[in-house]
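Visitor: Could you walk me through the charged pairs in this one, and then a bit of the surface?
Guide: Gladly; here is the model.

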Amino acid sequence: MSKVLLIGDIVIDVTLKSQTSNLKLRLGGIVHAARSLWALNIPYSVGYFSPSFLNDQISHFLVGHGCSEVFKLGDVIGAPYVFLIEDVKEIGNQGYEFLLRDEVKINYDLEMLDKIFENQYDDILLISGNYDQIKIINGLTGNIHIDVANNIEDLTFFSALNKKLNTIFVSTSSTIFHKYFNDSFKEFTETFKKHTEKVILKENRGGSRGFDFAIQEAFSASAQLSPIKHSVGVGDVFDACFVVNNKHLSNQESLVLSSWVASEYAQTTYPDDFKRDVNRVLKSNVKDLVNILGASIPWERRKEINIYIAAPDFSYIDTTHIDTLSKSLKYHNFSPRRPVLENGQMEIEATKARKQELFQKDMILLDNCSILIAVLLFNDPGTLIEIGLASAKGIPTIVYDPYSISKNCMLTELPHLITHDMDLIISEIFNLSSKFNSNEK
């Protein structure tokens, strides 16, 4: 069996209490990838950076979860290494806050670094962080894979390396993605061609894509969407699963299996439950999993999906829920359309001609949209009529009911989905958009 080493920071993830989640603390950073290998029954080693007050908890947790060697590579001072997480489900921007991030200093343990440089590992997965990744990669031997996360912002990083990497993992939420992606996956992968053998792009709930330069193969996998508990560290779990399984599975099979395992991680924060569910997945034939389609909508196709926001989006109304929904859709690169903001707000003394003008503009906008989301702040007649109108036109209609005020059976039964949970709405947008994308192929 191959020897696997994980390298990265270990932090404390703090999920802040909200209307839909309780306060929760757990070890984060490279520990997410460690949970993945433990659940997959793969032995592994860990090299990490953290403040000294976490040493005992980290060693106890890792040894208890399948880690055969624990190397503390550096002591972090100046910051508690705590991540505050506002939106644990990544409905939109997660609002990460890394306490005292500008005060982080690392005292490296040179003896421990020499140990991992001398040891022979088959595969080393690094999750980028505050440590000197260039120095460490240049000292390692073996197949090296890295998730750039948000700590590597441009290509100058790769130019400083003395070796070619095996895999670069990028997510659509990363800085480097937004800097270099220009609506062409092929051009984006070419950006990394001289630095790596493979590029994997993780597209959140829209699936994942990869490119293998050695065999000139593009491959992809859909996302398995289920009601989730969190999205923290899910990408790291995906990375670890891909690295260890790509030794014996094809690129696509590795990507598909990683998608399933990552989906299981998103459904619980309890390691034992995660391991149980992963073992259930592992009993399936991977080739059968490949044939089970989920949601797949590439980043660049999403902005073609116009989504009509039916709501009392008026200047004298508290539009917080509408604003949040719109920001979440934009975060995932969809195109929310707000008729009141685009076409104008009707004046109290509006003439019939003015009313006709606004009505016609709104109808034209609705006809140009693929989905309607109604935000039910109260029983606004315009919003209710637009729900019925969109449904009659065959436009998939979703009702966001943040106050759970809908009682009327016509209102509860007519829409495609009615819920107070914005996470369900975002997932349904991905499902519907995936179907549009599939029908156009």
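Visitor: Which residue does E264 meet in a salt bridge?
Guide: The side chain of E264 pairs with that of R280 at 3.1 Å, N to O, a salt bridge being a side-chain nitrogen of Lys or Arg within 4 Å of a carboxyl oxygen of Asp or Glu. The two lie 16 residues apart and link distant parts of the chain, with E264 in helix α9 (residues 251–266) and R280 in helix α10 (residues 271–282). This is a predicted model, in which local features need pLDDT of at least 70 and side-chain atom pairs count only at pLDDT 80 or more, while totals for chains, interfaces and linings use all residues. Residues are numbered from 1 along each chain as its sequence is written, and side-chain values use heavy atoms, leaving out hydrogens and water.

Visitor: Is E264 buried or exposed?
Guide: E264 is buried, at 6% relative accessible area, where buried means under 20%, exposed over 50% and partly exposed in between (1.4 Å probe, protein chains only). R280, at 47%, is partly exposed.

Visitor: How far apart are E357 and R354?
Guide: Their closest N and O atoms are 3.3 Å apart, in a salt bridge; both residues sit in helix α15 (residues 352–367), and because they are three residues apart, about one helical turn separates them. E357 is partly exposed at 33%, whereas R354 is buried at 19%.

Visitor: How many salt bridges are there in the whole structure?
Guide: A search of the whole structure finds 23.

Visitor: Switching to the surface, what about L25, buried or exposed?
Guide: L25 is exposed, with 54% relative accessible area, and is found in strand β3 (residues 24–27).

Methods. Helix = DSSP H or I, 4+ residues; strand = E, 2+ residues; numbered from the N terminus.
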